[in-house]
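Work through the exercises below with the sequence and the model open. Each task is followed by a solution in steps.

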Amino acid sequence: MESFPTVTECSNWISEHCKSLLNRIEKDDVDIKSSIQTTLDSTIIMVKALNITKSKKMKLTKQLMNEELMTDNTEEQKKWLLGVQDICTEVNRLCQDQEYLSVINKDYIRERERILPAYYKVDYSSVWPDQIEEKACWFRNYFVGNPYITLIGPITEDRNDYAVISIVRESDKRVKQDEELDTVDYRIIIRTKQGNNMGFIVQESDAKEMMLQLESSHQLHQLGGDLEQKRTHPLKSLSSALNTNQHQSKACLSKKIMRAALLFLFQDLQFRYFKELSAEATILAGLEKEFLKYDEIGIPTSYKFGLLTVCEGQTTEEEWFSNSGISDGLKKLLDIIGEPIELKGYKGYSAGLDTKTGESGEISYRSSWKDHEIMFHIAPLMPSREHDVQQIHRKRYIGNDIVCIVFIEGKSQKFDPNHIKSQFLHVFILIQLETIDEDDVWRVEVIHHTNVHDFSPFIPSPALFYNTDDLKGFLILKLINAENSSLKSDKFSLPNNKARLCIFQGLLSMGLEAAQVIRPLDCNNINDSREEKKLSDTGYYKIERPKSAGAQQNVSSTIRHSFRSSSNINIEASISSIPEIPPIPFISRSSVLRDLKCLARRKSSNQISIPDIHNNYSIPNHTTNRKVNVNNGHLTSSNPNNNNNSTRSYMPKKKYGDIPMPLSKQQPKLNDIRESKYSRVTEGNPCVCCLYNCHSYYLNSTL
């Protein structure tokens with residue numbers, strides 16, 4: 001963050017500079033006109049930054065003007081330099097005696113006012129907050145909606161230190177020597193368990209140069225063995241062979257360049273330890289949403305800020321939270337920073353305010369910054385409870401905020417942040433309305449906890465805002481940076497880092513499981529012309545990223561079920577390829593009962609004969625103590641624990657008689673099952689249980 005001097009720092013520098021010029025005059029160095037002019041300009045800037053009235057500023061400015069400074073009159077020059085030193089001494093005294101709006105101790109720091117140059121004009125609406133890591137939004141801004149690849153593997157010598165890497169190819173137009181040229185870059189995001197993401201941009205020329213170096217040293221195989229072109233399907237004709245080879249060569253070249261861009265950054269990478277996923281596979285595995293969650297975990301999507309009022313003679317938080325009613329000054333401030341909304345029935349971001357029963361009040365104020373909504377918790381607008389001295393229902397909102405605006409209504413009243421007991425409030429922005437020359441002027445002061453680092457925008461010296469638009473832009477940007485800077489303190493960063501580590505472990509598990517279930521997108525399956533699109537003005541083919549995962553709903557549900565089927569994952573074992581195993585049929589309890597019923601129904605209708613089944617034979621049921629008996633063709637069940645020995649008949653309600661079943665629905669006969677290779681029924685002692693098992697396995701195998 002670019003820094004500017006304070007008034008005290010500028011005064012000390014001018015005083016030291018004057019001392020050095022006096023020494024040069026004593027040594028008969030007459031060539032000091034340029035140095036004296038620099039001293040004069042710096043002193044005028046310092047005087048304008050003083051927190052004094054305009055009349056005093058004009059008086060000091062006239063005192064600095066002397067027409068004989070640019071002459072060779074050394075006596076006048078010495079006299080003028082000594083006068084500037086006296087002004088600097090007076091400025092230091094004024095800075096020490098300056099009255100502030102707050103009282104601070106060792107736990108809080110008051111942000112110092114800065115002397116901003118005349119050219120420093122800030123458009124607060126277009127400034128990106130310095131406390132929000134721009135690379136954290138790369139995946140949302142540059143990857144989502146574009147064809148990218150995901151690589152999972154080690155980037156260090158430790159083979160267990162895995163990283164999740166995303167690479168995308170993007171085209172841009174740049175002006176070079178008054179010519180507009182099309183350039184191609186590769187944007188790379190590297191996620192590690194250490195925390196913050198690493199972001200790089202590699203030009204295509206650098207990636208191609210890396211490929212040439214590998215090719216010249218016969219090391220091109222380092223880009224990955226899966227990139228070798230292999231013909232896995234027979235070709236129908238010579239033309240199809242030519243088209244297929246052309247498509248594969250273009251796709252393989254594009255993938256090689258992507259890997260070469262990564263190898264340009266980390267030249268010790270071993271791609272044989274990496275797993276690769278296409279954009280489609282990343283979406284189907286659910287990794288894209290997890291990437292967004294992991295990258296933006298420390299960036300709030302919406303903001304909420306508190307607002308308190310401090311009146312004359314109030315020194316405790318009970319008095320501050322008990323203030324009700326809107327004064328004229330507070331109404332002007334609220335109209336500057338936001339717009340009023342009715343809470344009842346409000347559908348936007350309410351920051352926990354009650355939008356149904358009116359417990360939080362009738363109205364509040366909201367604002368926005370870019371795509372982020374902002375809601376203010378305004379204590380005077382919330383209902384006041386006479387019997388509640390601490391006003392807990394107000395403090396539960398403002399006490400859980402991180403940043404709070406304090407509007408000072410008393411002329412000599414000071415605010416002490418230590419009088420508010422809260423574990424979350426880290427930054428207070430104090431505002432006071434003053435009148436100068438019959439104009440409304442807003443004085444701003446910022447105090448923050450010692451664990452919070454400085455954040456922009458700078459407070460100008462003097463800290464007075466005459467323009468309401470400048471005040472609004474400054475406050476909104478200052479509030480957002482204040483909250484994001486506070487989130488980086490130990491109070492909030494430690495839980496966030498633990499959450500990021502857990503999410504990262506989940507990313508590794510999901511990615512490695514996806515690499516086992518989904519074949520990596522390589523040159524062997526880039527043959528479908530529907531999934532290829534030729535880039536304009538280039539000869540490369542890119543793989544189109546699916547617009548959404550909804551089009552692959554059935555496939556996605558099956559794949560995600562496969563991903564989550566295993567509870568534990570062995571990273572070393574997942575690196576090696578696992579051959580595909582055909583699905584094994586399994587028997588459910590409902591199918592057992594259904595086939596037993598069907599068997600009894602067919603026997604009662606004399607469609608099959610079972611000569612080897614005894615009249616009374618019990619089938620053990622391993623889930624309960626119930627037994628299924630076969631008595632003269634009837635299936636009954638009995639429970640030995642039941643004293644009534646009640647039986648339940650499995651006799652079908654409807655008999656088909658002599659009506660033959662269709663051939664497609666007829667079950668195989670026992671003799672057919674015995675003769676087949678699937679039968680496990682012995683000739684000597686057949687049983688219904690074995691008959692069922694063989695029969696079910698026979699059906700599943702034939703289907």
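## The chain as a whole

Of the 703 residues of the protein chain, 45% count as buried. The model is a predicted one. Its secondary structure comes to 19 helices and 20 strands. Among contacts between residues at least 6 apart in sequence, 66% join residues at least 24 apart.

## Exercise 1

Determine how the axes of helix H2 and helix H3 cross, and which residues of the two helices meet.

**Solution.** 

1. Two packed helices are described by the angle between their axes and the distance between the axes.
2. H2 covers residues 33-48 and H3 covers residues 54-64; their axes come within 10 Å and cross at roughly 170°.
3. Angles over 145 degrees count as roughly antiparallel, and H2 and H3 are therefore roughly antiparallel to each other.
4. On the H2 side the contact involves Leu40, Thr43, Ile44, Val47 and Lys48, which meet Lys57, Leu60, Thr61 and Leu64 of H3.
5. Sorted by class, the contact of H2 with H3 has five nonpolar, two polar and two charged residues.

## Exercise 2

Locate arginine 191, decide whether arginine 191 is buried or exposed, and find the polar contacts of its side chain.

**Solution.** 

1. Arginine 191 lies in strand S4, which spans residues 179-191.
2. Its relative accessibility is 0%, so arginine 191 counts as buried; the cut-off for buried is under 20%.
3. Another polar contact, of 3.0 Å, links the side chain of arginine 191 with the side chain of aspartate 295.
4. Leaving out residues up to four places away in sequence, arginine 191 touches Phe139, Ala163, Val164, Ile165, Ser166, Asn197, Phe291, Tyr294, Asp295 and Phe504.

## Exercise 3

Identify the residues of the largest nonpolar core that touch the most other members, and name the element that supplies its largest share.

**Solution.** 

1. In soluble globular proteins, nonpolar side chains tend to be buried together.
2. The largest nonpolar core has 44 residues, of which Ile337, Phe376 and Ile429 touch the most other members.
3. Elements that each supply at least two residues of this core include helix H11 (328-337), strand S10 (372-378), strand S12 (427-436) and helix H13 (468-487).
4. H13 gives the largest share of this core, nine residues.
5. For isoleucine 337, the residues touched, not counting those up to four places away in sequence, are Leu307, Ser367, Phe376, Ile405, Lys472, Leu475 and Ile476.

Definitions and conventions
Residues are numbered from 1 along each chain as its sequence is written. This is a predicted model: local features need pLDDT of at least 70, side-chain atom pairs count only at pLDDT 80 or more; totals for chains, interfaces and linings use all residues. Side-chain values use heavy atoms; hydrogens and water are left out. Axes are lines fitted to C-alpha atoms, for helices over the stretch in contact, and angles run from 0 to 180 degrees between N-to-C directions. Helices (H or I, at least four residues) and strands (E, at least two) are DSSP runs, numbered from the N terminus. Angles under 35 degrees count as roughly parallel, over 145 as roughly antiparallel, 65 to 115 as roughly perpendicular and the rest as oblique. Contact means heavy atoms within 4.5 Å. Ala, Val, Leu, Ile, Met, Phe, Trp, Tyr, Cys and Pro count as nonpolar, Asp, Glu, Lys and Arg as charged, and the others, Gly among them, as polar. Buried means under 20% relative accessible area, exposed over 50%, partly exposed in between (1.4 Å probe, protein chains only). A polar contact is a pair of N or O atoms within 3.5 Å; within protein, one must be able to donate a hydrogen and the other to accept it, and residues adjacent in sequence count only if both atoms are side-chain atoms. A nonpolar core is a set of buried Ala, Val, Leu, Ile, Met, Phe, Trp, Tyr and Cys residues joined through side-chain atoms within 4.5 Å.
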